[in-house]
Amino acid sequence: MSTTVLSQFMAELLSGKIRIVDLTETLTPEFPTIVMPPEFGQAWPFRIEEISRYDERGPAWYWNNFSMSEHTGTHFDAPVHWVSGKDLPDNTVDSIPLESFIADACVIDCSAESRENPDFLLTIDFVKQWEARHGTIPARSWVFMRTDWSQRQKPNDYLNMKDDGAHSPGPDAQVVPWLIKERDVHGFGTESVGTDAGQAQHLDPPYPCHYFMHGNNRYGLQCMTNLHQLPPKGAVIFSAPLKIRSGSGSPLRVLALVPNAS
Amino acid sequence: MTQPLSKPPRKNPVARTRQPTLPPASRSRRTLGLTASAAAGRFDLQVCQECRAVQYPPREVCHRCLSDQLLWQPVAPRGTLLASTTLHHSNDLFFRERLPWRIGTVQLESGPRAIAHVHGDCEDGKPVKLALKLDRSGQAVMIALPEKATPNMEDDKVLRETSCDPKFRRALVTDGKSAVGLAVIKALLDAGATTVFAGDPHTWKKNRAFDALCEDPRVLPQALDITDTDSVERLSRSIGGKVEILVNTADYAREGGILHNRDLLKAQDAFNVNCLGLMRLAQHFGPAMAGRGADGTANAVAWVNTLSIYAHLNLPSRGMWSASQAAALSASQCLRNELRPAGIRVVNVFSGPIDYEWEQLTPPPRVSPSAIASAIVRALRDGVEEAYVGDVAQEFLARMHDNPKGLERELGTQS
């Protein structure tokens, strides 16, 4: 049975009936990293130094050293990342069950609202309106908030930093626990630099997406791109983070399998 | 009166760029005492501790009493120009390119007679002021200057070959958004720089003072993050050939010692900015500057590092940062010797605590960013290699010479 399913899957992949969409941003030194107050520790941005390039440092080979934080570029947040998830079982990238790395995704299009209002907050009502059109969010499905934020100029418009901090869209404090309790979602994914809104420190609790998702052993994906290429429902997401011992997250390649429209 | 320097015309892009040559650089070990004086902007000569005779040129024993008790001490920088002559021929490559060149004999008030380079405004038989200056080879030479300042005297050819005056030069300020960087941009413009490239390590960070400065057409903001090799390389490929003075104002300052501080990332970040950042800049901007060391009157001349006095002796309450400053100081010494063949001067400007947000709890006196900026311009004009800004730095320097071990102990008792 499963052999049949896998064969059929490969056949459809090869024939183009299933398409792969890359939801990953390229790792470059310029890619913005979340900014904390300067007296706090900072996540390292992506940095790369050449070891050799067919030269005196290594005549026949090209390779690089790179450095970055666990939360740089398109990355996965494990529950242990937030204090609310610190004591949960299997809460680190090396201990998360493998099944968690493949899941459906529901993509809620907030791009028009986010274009109008950089501080747009996703609400329960907004999700219910989406469900009225596309059906109820199934259990253990990712919820991706499409904002087209990845298409903004980086780093300035992407971070959108003002005197009172960053301004970017995210979920409000009510919708996150509702998605967990009422819809049993797998996790929350965004295009902006974090899963929470730029001004989420002023919500109650602060950073509700981190607080509730990780406090309930759910996951986060952020700095994704190409969400506009996904259908509202029916995409399957492959998102396996690096196996870092006790890691709180990791940069990764996020791939979506989608049925080809044609 | 000196003919004022006019703004150099745009470079002929198909003419061969003049390659750097150096004036004769060999000196005896004794004579390097003059270099030490010139590097700090002092006029010290050897003084015999037995008969008080002043020595010039430097010697092993007193020319009068043969005592070997010769100490370098400040001497009156005054004399009389006995005679001068203008050379129209030289077999030396450096001087051949700069003829005619004026030299003369000076009777020093303190006793000796010296052959000196002579400023165009000096008159034979009249009193002159004397200075020890570093020439393009980085060695000390004596220059006779007019007794009183004359109009445009800094534009004199003899003097401009020993100074690194920002006038009509283009400068890169690596972090133009820092408190010191903002002040340096302003000071360089006031000193006559034609263009200031203002490095911006965080283009996403709003800074009204920076934006206001960038409204001046002479200020060109440039994205530059010196922790990113690619960013440094990109900018160097774009403007490296236009930078005649580079002022590295990037600094990463954080509190905390080593033993009880588990945050090694602070140390990594400090070394990354303060030391590796300097090295990245050197590798990418250094060669371009070195290629333009003799490129006309607006040639590449100077590399300025803004360093802390705690680069010399570690301040334990900021132990990690002090170590990164020491590493930067060491790197600057390497760079100084590497850039010397091109005639580019490496200037280190040391200050005590700066009056900015990372020293908020440090009791005054703190050095204002504008005082550091003025000191940088002064150091460039005077052509020195080392400057100490403010009372704290001056006192630190004196105590370091007097009793470095004692100062090390005292720094350990400061909170």
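**Close-up views of a predicted two-chain model**

Strand β1 (residues 44-48) of chain B pairs with β2(B) in the antiparallel sense over two bridges. This is a predicted model, in which local features need pLDDT of at least 70 and side-chain atom pairs count only at pLDDT 80 or more, while totals for chains, interfaces and linings use all residues. Residues are numbered from 1 along each chain as its sequence is written, and chains are lettered from A and ligands numbered from 1 in the order in which they are written.

**View 1. A sheet of three strands in chain B has the order β2-β1-β3.** The sheet is open, with antiparallel pairing; two strands pair if DSSP finds at least two bridges between them. Strands (E, at least two residues) and helices (H or I, at least four) are DSSP runs, numbered from the N terminus. Look for B:Val47, whose bridge partner in β2(B) is B:Val54. β2 (54-55) and β3 (70-74) of chain B each have a single partner strand and stand at the edges, so one side of each is left without a neighbour in the sheet.

**View 2. Helices α5 (residues 175-183) and α6 (residues 208-215) of chain A cross at roughly 20 degrees.** Their axes come within 8 Å; axes are lines fitted to C-alpha atoms over the stretch in contact, with angles from 0 to 180 degrees between N-to-C directions. The angle makes α5(A) roughly parallel to α6(A), a label for angles under 35 degrees. The crossing is right-handed, meaning that the near helix is turned clockwise from the far one by less than a right angle. From α5(A), A:Val176, A:Pro177 and A:Ile180 meet A:Pro208, A:Cys209, A:Phe212 and A:Met213 of α6(A); contact requires C-beta atoms, placed from the backbone, to lie within 7 Å. This contact has seven nonpolar residues, no polar and no charged (Ala, Val, Leu, Ile, Met, Phe, Trp, Tyr, Cys and Pro count as nonpolar, Asp, Glu, Lys and Arg as charged, and the others, Gly among them, as polar).

**View 3. Chain B is assigned domain 1 (32-160) and domain 2 (170-413).** The bounds come from an automatic or database domain assignment. Taken over C-alpha atoms, the centres of the two domains of chain B are 31 Å apart. Eight residues of domain 1 and nine of domain 2 take part in their contact. On the domain 1 side, α1 (32-40) and β7 (127-134) of chain B each supply at least two residues.

**View 4. Eleven residues of chain A contact eleven residues of chain B.** β2 (47-55), α4 (156-159) and β8 (161-162) of chain A each supply at least two residues of the chain A side.

Terms used: Contact = placed C-beta atoms within 7 Å. Parallel < 35°, antiparallel > 145°, perpendicular 65-115°, else oblique.
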